[in-house]
Amino acid sequence: QVQLAESGGGLVQAGGSLRLSCAASARTGSRYAMAWFRQASGKEREFVAAMYWNGGSRVYANSVKGRFTISRDNAENTAYLDMNSLKPGDTGVYYCAAETTKWPYDYKYWGQGTQVTVSS
């Protein structure tokens, strides 16, 4: 069983930046992928970004491409999401996910989420 803990959410003005962190309790197994999703109020959860622990195969949603960067620290079992040029449309609960069952959109383990609010 892998536990994930997100942190780093908060309130930021449009155009600002935030860094989200996702700490995993253990190495996630042979697929070694982690991802970020988000869910705005009243909407379905949507894919944001994903990557393998070996640094390859990074995938981004079109809506965040060029503004968000997913990265990881293998020694710390931690993934990050650097979010720049934030827009009000980026508001939502951001979830970390680990161990893909169908790359890059389906995952076995999920965190509890961290709220990101972007004010205009």
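This is a predicted model: local features need pLDDT of at least 70, side-chain atom pairs count only at pLDDT 80 or more; totals for chains, interfaces and linings use all residues.
Ground rules: local features need pLDDT of at least 70, side-chain atom pairs count only at pLDDT 80 or more, and totals for chains, interfaces and linings use all residues. Numbering runs from 1 along each chain as its sequence is written, and side-chain values use heavy atoms, with hydrogens and water left out.

**Exercise 1.** Find which residues have the most contacts inside the largest nonpolar core.

*Solution.* Start with the term: such a core is a set of buried Ala, Val, Leu, Ile, Met, Phe, Trp, Tyr and Cys residues joined through side-chain atoms within 4.5 Å. Buried is under 20% relative accessible area, with exposed over 50% and partly exposed in between (1.4 Å probe, protein chains only). The largest core has 35 residues, and Leu4, Met34, Trp36, Leu81, Met83 and Tyr94 have the most contacts inside it. Now zoom in on Met83: leaving out residues up to four places away in sequence, its contacts (heavy atoms within 4.5 Å) include Leu18, Phe68, Tyr94 and Val116.

**Exercise 2.** Work out how the rings of Phe37 and Tyr107 are arranged.

*Solution.* Rings of Phe, Tyr and Trp (its six-membered ring) pair if their centres lie within 6.5 Å; planes under 30 degrees apart are stacked, over 60 edge-to-face, the rest tilted. Phe37 and Tyr107 sit 5.8 Å centre to centre with 75° between the planes, so they're edge-to-face. Both are buried.

**Exercise 3.** Identify the rings whose faces Arg45 lies over.

*Solution.* The test is NZ of Lys or CZ of Arg within 6 Å of the ring centre and within 35 degrees of the ring normal. Arg45 passes over Tyr95, at 5.8 Å from the ring centre. Arg45 passes over Trp110 too, at 3.7 Å.
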